[in-house]
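Please find below a colleague's note on the attached model. The points are numbered and may be read in any order.

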Amino acid sequence: MKKTDYYEFLSVSRTASSEEIKKAYRQAAMKFHPDRNPGDKKAEENFKFASEAYEVLSDDQKKQIYDRYGHQGLDGGGFHHGFGNVEDIFESFGDVFEDFFGMGGGRRGGGRKRGRRGQDLSVQVTVSFKEAYHGTEQEIQIRKPTLCEDCGGKGYPASSKPTHCQNCQGSGQVFHSQGFFTVSSTCPVCRGQGQLIKVLCRSCQGQGLVEKEKKLKIKIPAGIDQGNRLVLKGEGSAGTEGAPAGDLYVVVRIEEDETFERDGLDIWVDLPLSFPQAALGASLKVKTVEGEMEVEVPKGINAGETIVLQGKGFPELRGGHRGNQILQVQLRTPKKLSARQKELFEELARELGQEEAPEEASREEKASKKKKKRFWE
């Protein structure tokens with residue numbers, strides 16, 4: 001089934017500000033809140049979807065991908081979005097619900113604060129034009145938060161045990177009655193942990209995470225395009241309290257090439273020809289990414305016209321289709337002529353009747369407006 005548009009679901013325009021999106025989410029959250037619709041599975045699913053929409057539209061990076069490619073862009077790019085259960089929503093948007101309800105979580109029940117999924121990280125790699133065509137492998141080195149080995153991510157040494165928080169009775173939440181709802185807020189004493197740590201781990205200073213360097217080998221697939229992102233699952237920041245690690249997004253930058261220019265799956269190359277070659281035709285060796293190949297130039301070809309080498313372009317990332325290499329004709333006009341050459345050109349001009357106005361440019365010349373690099377001098 002086609003997934004509902006986030007903007008449509010929240011009843012906001014695609015140009016809505018962050019505050020307008022937050023306000024729309026507040027209205028949807030109030031409408032479908034589980035405490036307001038006990039036992040209503042449809043309301044719970046709507047509550048989850050509203051939260052998913054807000055999660056994406058409140059994140060600049062995810063919002064840009066969604067605005068351009070829709071749900072398919074988020075799924076294909078490997079972006080983490082959506083919630084498995086309602087408790088994850090209150091965990092992720094605790095500060096938002098605090099704004100909404102005046103005190104916090106906005107949810108009955110509670111319990112000790114659960115671990116958070118690690119943050120997603122991003123890194124950029126640069127590959128050459130030919131590496132993007134053939135595919136390659138790179139080794140990168142990143143610094144990322146990892147679980148502290150000295151305390152196992154707990155934040156305190158084994159010799160020191162945390163004490164039970166008396167303010168929240170170890171739940172990490174304190175509860176208040178406010179009109180229709182029983183709402184909870186993070187315990188201000190233990191900050192939602194349900195326990196108090198008296199002695200901090202020296203290595204991580206109680207954070208449970210320390211930054212470490214890690215080397216990773218990345219496979220760049222053949223056909224990768226400028227700005228494409230690769231997703232390495234679980235290679236982001238470590239999660240807390242046993243929660244999963246985030247993902248690492250590898251953004252690919254492709255260097256420009258002096259010879260070739262990419263247009264989607266196609267590769268464009270200038271083909272400089274002399275007047276005799278264009279008029280009489282020629283057999284030439286031209287460069288492709290895979291090496292030189294023989295090409296027959298038909299006689300009478302004009303500047304701006306093209307010769308297509310089928311299947312000599314980039315491969316699709318998914319699927320067996322390949323683009324083409326397109327040779328675009330550029331006529332080389334000699335700068336200096338000998339007396340004999342000038343005489344021959346004048347004779348040819350008289351023979352062809354070029355003293356008259358030249359014929360109207362061909363359709364191909366009019367249609368070809370691409371400005372290509374002149375590399376074959």
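How many salt bridges does the structure hold? The structure holds 17, a salt bridge being a side-chain nitrogen of Lys or Arg within 4 Å of a carboxyl oxygen of Asp or Glu.

1. Basis of the values. This is a predicted model, in which local features need pLDDT of at least 70 and side-chain atom pairs count only at pLDDT 80 or more, while totals for chains, interfaces and linings use all residues. Residues are numbered from 1 along each chain as its sequence is written, and side-chain values use heavy atoms, with hydrogens and water left out.

2. Helix α3. Residues 41–57 form α3, a helix of 17 residues; helices (H or I, at least four residues) and strands (E, at least two) are DSSP runs, numbered from the N terminus. From first C-alpha to last, α3 reaches 24 Å, close to the 24 Å expected at 1.5 Å a residue, where the expected span is 1.5 Å times one less than the number of residues. Because 13 of its 17 residues are buried, α3 is largely enclosed by the rest of the structure; buried means under 20% relative accessible area, exposed over 50%, and partly exposed in between (1.4 Å probe, protein chains only). Asp40 caps the N-terminal end of α3, with a side-chain oxygen 3.1 Å from the backbone nitrogen of Lys42.

3. Strand β9. In β9 (residues 248–254), 5 of the 7 residues are buried, so this strand is largely enclosed by the rest of the structure. Strand β1 (residues 121–127) runs parallel to β9 and is joined to β9 by 7 bridges; two strands pair if DSSP finds at least two bridges between them. Gln124 stands opposite Val251 of β9. Strand β8 (residues 229–232) is antiparallel to β9, with 4 bridges, and Leu230 has Val250 in β9 as its bridge partner.

4. Strand β2. Ile142 belongs to β2 (residues 136–147) and is buried, at a relative accessible area of 8%. Its C-alpha lies 5.4 Å from that of Glu213, 71 residues apart along the chain. Beyond neighbours within four places in sequence, the contacts of Ile142 (heavy atoms within 4.5 Å) include Val123, Glu213, Glu235 and Leu248. Thr146, also found in β2, is buried at 19%.

5. Salt bridges. Glu211 pairs with Arg143 in a salt bridge whose closest N and O atoms are 3.4 Å apart. Glu211 lies in strand β7 (residues 209–220) and Arg143 in β2, so the pair ties together parts 68 residues apart in sequence. Arg143 is partly exposed, at 47% relative accessible area. A salt bridge also joins Lys214 to Glu235, the closest N and O atoms being 3.1 Å apart. This pair links Lys214 in β7 with Glu235 in the loop between β8 and β9, 21 residues apart. Lys214 is partly exposed at 34%, whereas Glu235 is buried at 17%.

6. Nonpolar cores. Which residues touch the most other members of the largest nonpolar core? Of its 34 residues, they are Ile267, Leu271, Leu273, Ile307 and Leu327. A second, separate core has 24 residues, among them Tyr7, Ala24, Phe47 and Leu57. A nonpolar core is a set of buried Ala, Val, Leu, Ile, Met, Phe, Trp, Tyr and Cys residues joined through side-chain atoms within 4.5 Å.

Methods. Polar contact = N/O pair within 3.5 Å; in protein donor to acceptor, adjacent residues only side chain to side chain.
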